[in-house]
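Student: Hi! Could you walk me through the charged pairs in this one?
Tutor: Happy to, let's have a look together.

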Amino acid sequence: MPSRLHVSIHAKACAATVLATLLLAACQKPAPAPEAQAPAKPEAAPAAPAAPAEPAKPAAPSDTPELKIATVDGKPYDLAEHRGKWVVVNFWATWCKPCLKEMPELSALDAMREHVEVLGLAYEEIAPADMRAFLTKHPVSYPVAIVDTFNPPAAFETPRGLPMTFLIGPDGKIADKFLGPVTAHDIEAAIAKAGGPQAQPADAAKKS
């Protein structure tokens, strides 16, 4: 009898132990499953280098050039205001001997022909005061302006040499151009060829 009781108690104790173990296991949170690793994002491809910016193209010369410039005496000159006249635009420089040789003839043409006007554009680096002093010794009847050699008027072809002269018709369009020395006869012949007045004697049609 005692042995059976002992076995029964022992069996109950074992059963209790097993039950406690099961209960303990049931209360514990299950170990978290390892998180699934997100697939690695592919590295972004390096951006292609930006194409270099193209330099701005200079404006092309025009057959109807526009020109607004200040003369050495401080007066504004607007080529558009001289429509109706034949305008001789003469690129020159004080160091250019052929330029100096043609200046008196251009001055006479400007003074003696009512339908012709001349504009001198000094294509050189010179101070306005020095240019005024030069013109005191070499006076002309027409206005003179100094051109920036690093930024010449875009509407005109950049002079390939000096002197270089453009003949602008009454409609504002370039009627002719001359590279090298030009005479009054050359200009009047070009005017006549373009449909303007015929050349006149040197002492006729003087301006008032």
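Student: Is arginine 113 buried or exposed?
Tutor: Arginine 113 is buried, at 4% relative accessibility (buried means under 20% relative accessible area, exposed over 50%, partly exposed in between, with a 1.4 Å probe and protein chains only). Keep in mind that this is a predicted model, where local features need pLDDT of at least 70, side-chain atom pairs count only at pLDDT 80 or more, and totals for chains, interfaces and linings use all residues. Residues are numbered from 1 along each chain as its sequence is written, and side-chain values use heavy atoms, leaving out hydrogens and water.

Student: Which side chain meets arginine 113 in a salt bridge?
Tutor: That's glutamate 188, at 2.4 Å, N to O (a salt bridge is a side-chain nitrogen of Lys or Arg within 4 Å of a carboxyl oxygen of Asp or Glu). Glutamate 188 lies in helix 4 and arginine 113 in the loop between helix 2 and strand 4, so the pair ties together parts that are 75 residues apart in sequence. Helices (H or I, at least four residues) and strands (E, at least two) are DSSP runs, numbered from the N terminus.

Student: And glutamate 188, buried or exposed?
Tutor: Glutamate 188 counts as buried, with 9% relative accessibility.

Student: New topic: how many salt bridges does the structure hold?
Tutor: Five. One of them joins aspartate 63 and lysine 173, at 3.9 Å, N to O.

Student: What about Arg160, which residues is it linked with in a network?
Tutor: Glu157 and Lys177, through salt bridges. The closest N and O atoms of glutamate 157 and arginine 160 are 2.1 Å apart, and arginine 160 is exposed, with a relative accessible area of 57%.
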